[in-house]
Amino acid sequence: MTTQSGDLENQLAVLRQDAQQAIATAETLEQLEQLRIKYLGKKGSLSQVLGGMGKLDATERPRIGALANQVKDWLQADLEQKRTALQAAQIEAQLSAESLDVTMPGVYRAQGHAHPLTSTAERVIDIFVGLGYTIAQGPEMETDYYNFEALNFLKDHPARDMQDTLYLPDGNLLRTHTSTVQVRYMEANDPPIRIVAPGRCYRRDTVDATHTAVFHQVEILAVDEGLTFTDLKGTIKVFLEALFGDVAVRFRPSFFPFTEPSAEVDVQWRGRWLEIMGCGMVDPNVLKAVGYDPEVYTGFAAGLGIERLAMVLHQLDDIRRIYASDLRFLRQF
Ligand code: DAH
């Protein structure tokens, strides 16, 4: 072995040791890349050592060359191993930084929910939509025609009285019931008809435990060939069972100008009967007013009081609670 080759061998050994140590202590992938350039790059330490090969005896070159290649392989293997380890550590760190402690107590956020009036109306609408009815709506400000005349109220009917109806200065009025939507819908559509029409109504009622001046109704209307009172009763029965389950119900003969025959439906509420809807077979005069032939078509209709239904559903003692905006009350639903 010549001095020169011994020298190169030494340099390679030192280089390898230095490089191994540096690689072992690298902390980031960037540092590792710097080390690769420093030791194995074009102008790196290994290239420099190999630069000295030219001065070697021809017989020594293959041995030193092989040794240099070996050092290069080792360092490449070291770099590769370290890179894998650093990448794994990086992923590990990222995962633990993003991990959630599912046992940590949550942050309480107050969550709102539907008002009992809204949820009751939605349940009613859902049931009728399930029976094939379409949702319809009409304005709260109405004319005498839609609120009364087209619904067969005679000119001197007591319901038109200032006592019951809130008239506006321009002669219009605030609708006293959602039956107005029956007329508007029939005017614009041909039979067969199945509609469910929710809405707000107004009356100059004295407020008490079961009355408010502003209240909500859902109107039902079906017009077709061959509909009878049996269809009405069956529909109401299916509806009441879907809403209340098993509840005592009573049909009472009644009178409405726009239905003949007419009935009112009562259900048990706090030990007494509470009226929850009016209903009946659409009066032929109403069908005529919208241009339907009463000899061909018959219909049934009903108007349901949402507040009353909510009172029965939740066994409320006083309708005024529904409007009191008292959170102690509202939070129960
Ligand atoms: N509109 C009536 C009221 O508010 C309720 C009513 C009765 C509606 C009979 C109807 C009906 O559709 O057929 O008192």
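The shell around the ligand (residues with a heavy atom within 4 Å of it) has five nonpolar, eight polar and two charged residues, with Gly counted among the polar ones. This is a predicted model, where local features need pLDDT of at least 70, side-chain atom pairs count only at pLDDT 80 or more, and totals for chains, interfaces and linings use all residues. Residues are numbered from 1 along each chain as its sequence is written, and side-chain values use heavy atoms, leaving out hydrogens and water.

**Around the ligand**
- In total, 15 residues surround the ligand, and the closest are His-177, Ser-179, Arg-203, Gln-217 and Glu-219.
- His-177 places a polar side-chain atom 2.9 Å from a ligand nitrogen atom, a polar contact (N or O atoms within 3.5 Å).
- A polar backbone atom of Ala-301 is 3.1 Å from an oxygen atom of the ligand.
- Of the 360 Å² that the ligand exposes when taken alone, the protein buries 91% (Shrake-Rupley method, 1.4 Å probe).

**Cis peptide bonds**
- Pro-191 and Pro-192 are joined by a cis peptide bond with omega about 0°.
- Another cis peptide bond, with omega about -5°, links Glu-260 to Pro-261.

**Positive phi values**
- Arg-270, a residue other than glycine, has a positive phi near 45°; Arg-270 counts as partly exposed because its relative accessibility is 49% (buried is under 20%, exposed over 50%, partly exposed in between; 1.4 Å probe, protein chains only).
- Gln-315 is not a glycine either, yet its phi is positive at about 50°; with 40% relative accessibility, Gln-315 counts as partly exposed.

Note on methods:
A polar contact is a pair of N or O atoms within 3.5 Å; within protein, one must be able to donate a hydrogen and the other to accept it, and residues adjacent in sequence count only if both atoms are side-chain atoms.
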